[in-house]
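Please read this briefing with the sequence and the 3D structure open beside it.

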Amino acid sequence: MADFIKDNINKDGIDRRGFLQCMAWAGTGVLYTLHGGILKSMPLMQGAMGGNDMAKMKGADFSFIQISDSHIGFNKEANPDVTATLQVAVDRINSAAAQPDFLLHTGDISQLSKPSEFDTAEQVLKGVKAGNIFYVPGEHDVLTDDGQQYLDRFGRGTKGKGWYSFDHKGAHFIGLVNVLDLKAGGLGSLGSSQLEWLSADVKQLKSSTPIVVFAHIPLWTVYPEWGWGTDDSEQALGYLKRFGSVSVLNGHIHQIMQKVEGNITFHTALSTAFPQPAPGTASSPGPMKVPADQLRNVLGISHVNFVRGNHSLAIVDSPLARP
Amino acid sequence: MRALFWARPEEDMKKISWILGLVATLLTAITLTAGIKPILAVDPGDKPASGATIKIDNFSFGPSNITIPAGTTVTWTNNDDVPHVVASDDKQMFKSKALDTDDHFSFTFTKPGTYNYYCAIHPKMTAKVVVQ
């Protein structure tokens, strides 16, 4: 590990890049999953991690879960029963050693914005032992009435078209909406009113405040040909550059991707419904079929551990499959 | 005296019946075929408004660039496993509801011009209709 340390920011003998490189050796986590959309069957991430990392987890001040892209209502070959796999995700969350403080759902809750689909999703998620559930919409959630139904169900206390922020144990969480008013030929879009709100929202915060941003479409350009990016995210990230620790959690692409840019760490989550191909490996980003016995290896949830004073969040992505 | 047609000898009557029967069969066959013919052949002159179809497949519109006469109704059909929304760049013109697999949406183009459109939820999918 010592060979890999460049920035000993938390003075614990681990830095993020070194951590990621070590994870590659362990055959788990981020670098492994970057190569292709199909994960080979592998043990639960926590079990595969070294002792040092487990100790870090135990010292976490709080933890929360990110789930994404449940697509309730989808019923094609890639997953004929997305409600069942969402239930498996809930069971996995509930069987973890520690109860998370809350759940973040980064959108595409439903497949077609149908009331019955939202009902089913809420019904399943009611069973999760995790305090509050915070949502941001995906493009599938705002198909009718420009997202009014989404707002009616999940938009209480939000601003504009559903953006908001909240504080939790010293960290500042920001939920953004980048799936409305999409322009022809464009990517995701935040829009000027939301950007204005964001700028004002973080203005008074101390730069040492840990920031966690969550939105559906990635806030960095993963693969523009498939619409995997947000046209005006640079402006948003500009307001956050001064902060010591910024984490951006996204969904939409149904696979794990991470990127570090200065103090900003980007992470995308697996879907609980179906996988999508890695950028450029297929003719389109549609649902990717895998053999039925491998489906739960490519669906998953993310446990996020926040340790006060640490530079970055510790994110552990777990497939739904049991080891 | 010439025999009356209907009073000819039996043999002649048999021949005539046979010929009449053959003619009747031929006429029936021709009528039936004539009835089928317009369905098989394209005859734009007869129809008041012809249609064009565009398939949505693999996150793209096919064909992505069509030229049609004014008054044509274009019908889009979604063959993808995910929904798409067909929307004109010009917000006032047309926007379908979310089309699930096998759903369709039709719009009749009455004025000449070039009309760009895209998928409102996957905006990288762009195409156009040229109306003459």
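This is a predicted model: local features need pLDDT of at least 70, side-chain atom pairs count only at pLDDT 80 or more; totals for chains, interfaces and linings use all residues.

Residues are numbered from 1 along each chain as its sequence is written, while chains are lettered from A and ligands numbered from 1 in the order in which they are written. Chain A has nine helices and eleven strands, and chain B has one helix and eight strands. Helices (H or I, at least four residues) and strands (E, at least two) are DSSP runs, numbered from the N terminus.

**The two chains**

- In chain A, 47% of the 323 residues are buried. A residue is buried if 20 or more other C-beta atoms lie within 10 Å of its own, exposed if 12 or fewer, and partly exposed in between, with C-beta atoms placed from the backbone.
- In chain B, buried residues make up 22% of the 132 residues.
- The elements of chain B, read from the N terminus, run α-β-β-β-β-β-β-β-β.
- Of the contacts in chain A between residues at least 6 apart in sequence, 67% join residues at least 24 apart. Two residues are in contact if their C-beta atoms, placed from the backbone, lie within 7 Å.
- For chain B, residues 24 or more positions apart account for 46% of the contacts with a separation of 6 or more.

**Where the chains meet**

- Between the chains, 18 residues of chain B are in contact with 19 residues of chain A.
- The side of chain B that touches chain A has nine nonpolar, four polar and five charged residues. Here Ala, Val, Leu, Ile, Met, Phe, Trp, Tyr, Cys and Pro count as nonpolar, Asp, Glu, Lys and Arg as charged, and the others, Gly among them, as polar.

**Helix 5 and helix 6 of chain A**

- The axes of helix 5 (residues 82-94) of chain A and helix 6 (residues 115-125) of chain A come within 9 Å and cross at roughly 25°. Axes are lines fitted to C-alpha atoms, for helices over the stretch in contact, and angles run from 0 to 180 degrees between N-to-C directions.
- Helix 5 and helix 6 of chain A are therefore roughly parallel to each other. Angles under 35 degrees count as roughly parallel, over 145 as roughly antiparallel, 65 to 115 as roughly perpendicular and the rest as oblique.
- On the helix 5 side, Thr83(A), Leu86(A), Gln87(A) and Val90(A) meet Thr120(A), Val124(A) and Leu125(A) in helix 6 of chain A.
- The residues of this contact between helix 5 and helix 6 of chain A comprise four nonpolar, three polar and no charged.

**Helix 8 and helix 9 of chain A**

- The axes of helix 8 (residues 192-203) of chain A and helix 9 (residues 233-240) of chain A come within 9 Å, crossing at roughly 10°.
- That angle makes helix 8 of chain A roughly parallel to helix 9 of chain A.
- Leu195(A), Leu198(A), Ser199(A) and Val202(A) of helix 8 make the contact with Gln235(A), Ala236(A), Tyr239(A) and Leu240(A) of helix 9.
- By class, the residues of the contact between helix 8 and helix 9 of chain A are six nonpolar, two polar and no charged.

- The largest nonpolar core has 91 residues, of which Leu176(A), Val213(A), Val85(B) and Val86(B) touch the most other members. A nonpolar core is a set of buried Ala, Val, Leu, Ile, Met, Phe, Trp, Tyr and Cys residues joined through C-beta atoms within 7 Å.
- Beyond its neighbours within four places in sequence, Val86(B) is in contact with Trp76(B), Ser96(B), Leu99(B), Phe105(B), Tyr117(B) and Cys119(B).
- Ser96(B) lies in the loop between strand 5 (86-88) and strand 6 (104-109) of chain B, and Ser96(B) is buried, with 20 other C-beta atoms within 10 Å.
- Ser96(B) and Val85(B) are eleven residues apart in sequence and 5.6 Å apart in space, C-alpha to C-alpha.

**Backbone details**

- Most residues other than glycine have a negative phi, and most peptide bonds are trans.
- Phi of Asp108(A) is near 60°, a positive value; Asp108(A) lies in the loop between strand 2 (102-105) and helix 6 of chain A.
- Phi of His254(A) is also near 60°, and His254(A) is in the loop between strand 7 (246-250) and strand 8 (257-261) of chain A.
- A cis peptide bond, with omega about -5°, joins Gly62(B) and Pro63(B).
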